[in-house]
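Hi,

Here is the structure I promised to pass on. Have a look at it first, and then read my notes below.

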Amino acid sequence: LDVTVHLHVDEKRLAGYWNACKALTGDCDLADPHMTQYDQINSLIRAHNYQAIIEAFIKDNSSRSLPSHFRWSVLRELLYKVQQGESGLDEVCHKLCVCNAVRDALEGEVLSIRFQQLLLKPNKCMVDFMLEVCTRSLDRDQPSEMSRRNMAGFLRTLCENLEDLSLVFTITSHKVFLELLRDEDRKVLMEQMRKRSATINLSAKPLPSFYDIPGTEPSLLLFILFCPDVQFGDSLPAASASVSIGQLEQQLVLSLDPRRIRQILIELHGMAERPFWRVNSKVLSQLTGVKSKHPGNAEDLNSPSLETIFLSPQDFGHARQLFSACLELVTEFSPKLRQVMLNEMLLLDIRAHETMAAEGSKERPPPDLVSRVRGYLEMRIHDVPLRQVIGEECVAFMLNWRENDYLTLQVPPSLVMNNPYIKLGQLLASTCKELPGPKESRRTAKELWDVVVQICSVSVQHKRSSDGRLGLIKQRESSLGIMQRSKFITFIKKLREPLVLTTLISLFVRLHSIVRDDIVNEVAAEHLSIWPSSLPNIQTVDVEAVAVTVKELVSYALTLNPNNQSWLVTQADIYFVTNQYSAALSFYLQAGAVCSDFFTKPLPPDVYTDQVLKRMIKCCSMMNCHTQVAVLCQFLREVDYMTAFKALQEQNR
């Protein structure tokens, strides 16, 4: 660009963007005399010439022309390829890590966590390569005093961190070591090596059963699951431990590979100054969403549910892989923990199948899954905690797939008495099963009605005021209900079987109508005749709770099937009785559209009844849509001429 008074270009910044774009597009010619080192490295990566990259990094240790962040970004790119399954790059990554560590050492920087991980698993070839890089990285003609001092410190650090004395001897006998360290420094270091034991004093005791460990914290569960063969003793020293542990924790949160998780946990255990499960409990919270108030509680210990992390169908595969790894490991030393893992895998399989069903799959669950669900509901094993959420999901699963015969006829009576979700599921299944005959179903429907009324009730306490009169004080919730209303709502939102949802909507519409005591503005729903028409203790029912529940229930049902004509009319009526006329009219129109192919076919007579049409007329009138009022009046069974002509005379429309 020509320099003009109207344009000021930051040429270095522009050149940086240019280089970045070339790296992405690959528009680089190795024969180009103007090619930069960045271009050369990127070209070598695309050509898979990894040995040339290693050579370039070793030479750059002397010239130091490439910035450290670029060198580490190259290593991260290759590590990403390893994670994607590209083979043959492990050794290349190790060598590049060594090159970068030597570069950091020459500049007096702290050694990276990845290099410290390499030192935990040393071998002769790796040590020989380190010494080669150290030798070639020093300026042969005249290395600076600072470079010599930093390199000497690096070699001393290697010796102090290697447990294998044969590898230490390889370093101390090398030419570069003898040149850089003074005689007295070498003597002090060798004395330290002699005093230090060559092995870590590991406990010889066998690992106890998980349930025999008092006060076990959740993080220990994760460690034991993946590393049952690790015995606990002294922890390994590590430079900048807090940074190292933090980076490993981040990898632990992001990793989905069981082998990698196991490796990270072992490294964390070796680097921590105290047992890792006491270093940072927030890691487990990030991994599993655990919110445990009492870490030693057995129920909390089994609360990590990996399936909550995985939302899409392909991620259920990752969760299943992790659970399978856990199951394989715990089977060897704890039958109880094995059963806990099997229960968690059942929950995962249920949610995976329900997710597919929610996305449109019509495939019924395999018989094996149904059998496992039944087995869990009937399971009673001493010291194995049964998580409430699994039982809840199992009952919802049986209702969603119409396993009504099991819930009504085969489930043991003791379970119905002790498990509120099974009790609720049995009543719903029985009511739905008998719905075609209203008279026969009223006994079961009455039982379901009583249970729901108790859930929506509040306890009432009489208290005498200062003037001597009795007053009423409402408590939060009645303790007579089989479960709290919030848990009831949570359970309802796991259901998706249309008849079950229609039954619940019908029940709450009738209950809402009774507590509101407004005959004129009633809400329509199916099967209203099977429910009682009155309540003996109406003052104990929380009117607001019933109103909120019926709104949530209908809104949730319409998210599952927005084309259900009955639910649309119910939603429209709810808006109408609460004076939300625009929303009500919208849902009345949707109800007509879905059953007439967008009004291209005649509407069934039971959809736009006279009551619905009159409510639509009132909605239009309240919205000053008087022309529409005149039109809708002509759809009534008996045309309402008076209202139509009055509407046509309105000036404000």
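A polar contact here is a pair of N or O atoms within 3.5 Å; within protein, one must be able to donate a hydrogen and the other to accept it, and residues adjacent in sequence count only if both atoms are side-chain atoms. What you have is a predicted model, where local features need pLDDT of at least 70, side-chain atom pairs count only at pLDDT 80 or more, and totals for chains, interfaces and linings use all residues. Residues are numbered from 1 along each chain as its sequence is written, and side-chain values use heavy atoms, with hydrogens and water left out.

Start with Asn564, in the loop between α27 (543-560) and α28 (565-577); helices are DSSP runs (H or I, at least four residues) numbered from the N terminus. A polar atom of the Asn564 side chain lies 3.1 Å from the backbone nitrogen of Ser566, and the backbone nitrogen of Trp567 is also 3.1 Å from a polar atom of that side chain. Is Asn564 buried or exposed? Asn564 counts as buried because its relative accessibility is 15%; buried means under 20% relative accessible area, with a 1.4 Å probe and protein chains only.

Further along, helix α31 (residues 626-633) has these buried residues: His626, Val629, Ala630, Leu632 and Cys633. Their cover includes α30 (610-622) and α32 (641-648). In general, an α-helix has 3.6 residues a turn, so residues three or four places apart point the same way.

Cheers

Terms used: Helix = DSSP H or I, 4+ residues; strand = E, 2+ residues; numbered from the N terminus. Buried < 20%, exposed > 50% of the residue type's maximum accessible area, 1.4 Å probe, protein only. Contact = heavy atoms within 4.5 Å.
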